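Subject: Structure for you to look at

Hi! Here is the structure I promised to pass on. Have a look at it first, and then read my notes below with the viewer open.

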Amino acid sequence: MVLHLVMPLLLPTYTGNSLDVSAKSPSPREIKFSTDGTNLYITGSTSTVDQYKLGSAWDLSTATFYRTIDIFSQDFVPRGLAFSSDGTKMFVAGAWNKKIYQYTLSTPWDISTASYASIFLSYNPPVTDSEIINFGIILTILKAFSQVR
């Protein structure tokens, strides 16, 4: 006998909330949230990572700009962005030098406390997205330019 469990399909609905980041990131490439949804991070067409604070978790209508860090000394075309699960490590995939750079955050999730750890991983082809798995130890590249086209 085979039993089938039928689950209702829940479709997402648009809340009408949005966040205009064009002043800081004219061409956003990557967004990430902290695990609790109170921080939003964006990379774009500049050599920076921008951080926004959300007054209510996951609610873009409560977002306010917080900080920017410039990673130009490592790469001026950041594409992928990921964090360790505890927010103490940030990984930025640079498209120009084809490297993923590791930063240490002395205060979890606060990019103003980020310092380059002098650790990088070279890759080819350039990445457009990256994720941290296994507690931030293993970095896997999910998309590459050749796969996206």
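Tyr41, Phe83 and Trp109 form one aromatic cluster. For rings to pair here, the rings of Phe, Tyr and Trp (its six-membered ring) need centres within 6.5 Å; planes under 30 degrees apart count as stacked, over 60 as edge-to-face and the rest as tilted. Before you go further, keep in mind that this is a predicted model, where local features need pLDDT of at least 70 and side-chain atom pairs count only at pLDDT 80 or more, while totals for chains, interfaces and linings use all residues. Residues are numbered from 1 along each chain as its sequence is written, and side-chain values use heavy atoms, with hydrogens and water left out.

Trp109 sits in the loop between E7 and strand E8 (114-122). Helices (H or I, at least four residues) and strands (E, at least two) are DSSP runs, numbered from the N terminus. Is Trp109 buried or exposed? At 13% relative accessibility, Trp109 counts as buried. The cut-offs are these: buried means under 20% relative accessible area, exposed over 50%, and partly exposed in between (1.4 Å probe, protein chains only).

Trp109 has another thing to show you: a positive phi of about 70 degrees, although Trp109 is not a glycine. Most residues other than glycine have a negative phi. Ser118 also has a positive phi, near 55 degrees, and is a residue other than glycine. You'll find Ser118 in strand E8, where Ser118 counts as exposed at 58% relative accessibility.

Now for the overall layout. The chain has one helix and ten strands. What order do the elements run in from the N terminus on? They go β-β-β-β-β-β-β-β-β-β-α. Of the 149 residues in the chain, buried residues make up 38%.

Next, more on the rings. The structure holds nine aromatic pairs. Take Phe76 and Trp96: their ring centres are 5.0 Å apart and their planes are at 40 degrees, so the pair is tilted. If you want to find Trp96 by number, look between strand E6 (89-94) and strand E7 (99-105). Phe76 is partly exposed, with a relative accessible area of 34%, and Trp96 counts as exposed at 56% relative accessibility.

Together with Phe72, Phe76 and Trp96 make a nonpolar surface patch of about 370 Å². Patches are made of residues with over 30% relative accessible area and no salt bridge, where like charges are joined within 9 Å and nonpolar side chains (Val, Leu, Ile, Met, Phe, Trp, Tyr) within 5 Å. The areas come from the Shrake-Rupley method with a 1.4 Å probe; for residues, only the protein chains shown count as cover.

On to charges. How many salt bridges are there? The count comes to one salt bridge, meaning a side-chain nitrogen of Lys or Arg within 4 Å of a carboxyl oxygen of Asp or Glu. Lys32 forms a salt bridge with Glu30, and the closest N and O atoms are 2.9 Å apart. Glu30 is in strand E1 (residues 30-33). Glu30 is buried, with a relative accessible area of 7%, and Lys32 is buried too.

Two other lysines are worth a click. The charged end of Lys24 sits over the ring of Phe65, 4.4 Å from its centre. The charged end of Lys53 does likewise over the ring of Tyr66, at 4.8 Å from its centre. A charge sits over a ring if NZ of Lys or CZ of Arg is within 6 Å of the ring centre and within 35 degrees of the ring normal.

Gly94 lies in strand E6 and is buried, with a relative accessible area of 1%. The C-alpha atoms of Gly94 and Pro78 are separated by 4.3 Å, although these residues are 16 residues apart along the chain. Ser47, in the loop between strand E2 (39-43) and strand E3 (48-54), counts as buried at 12% relative accessibility. Ser47 and Arg79 are 32 residues apart along the chain, and their C-alpha atoms are separated by 9.5 Å.

Cheers!
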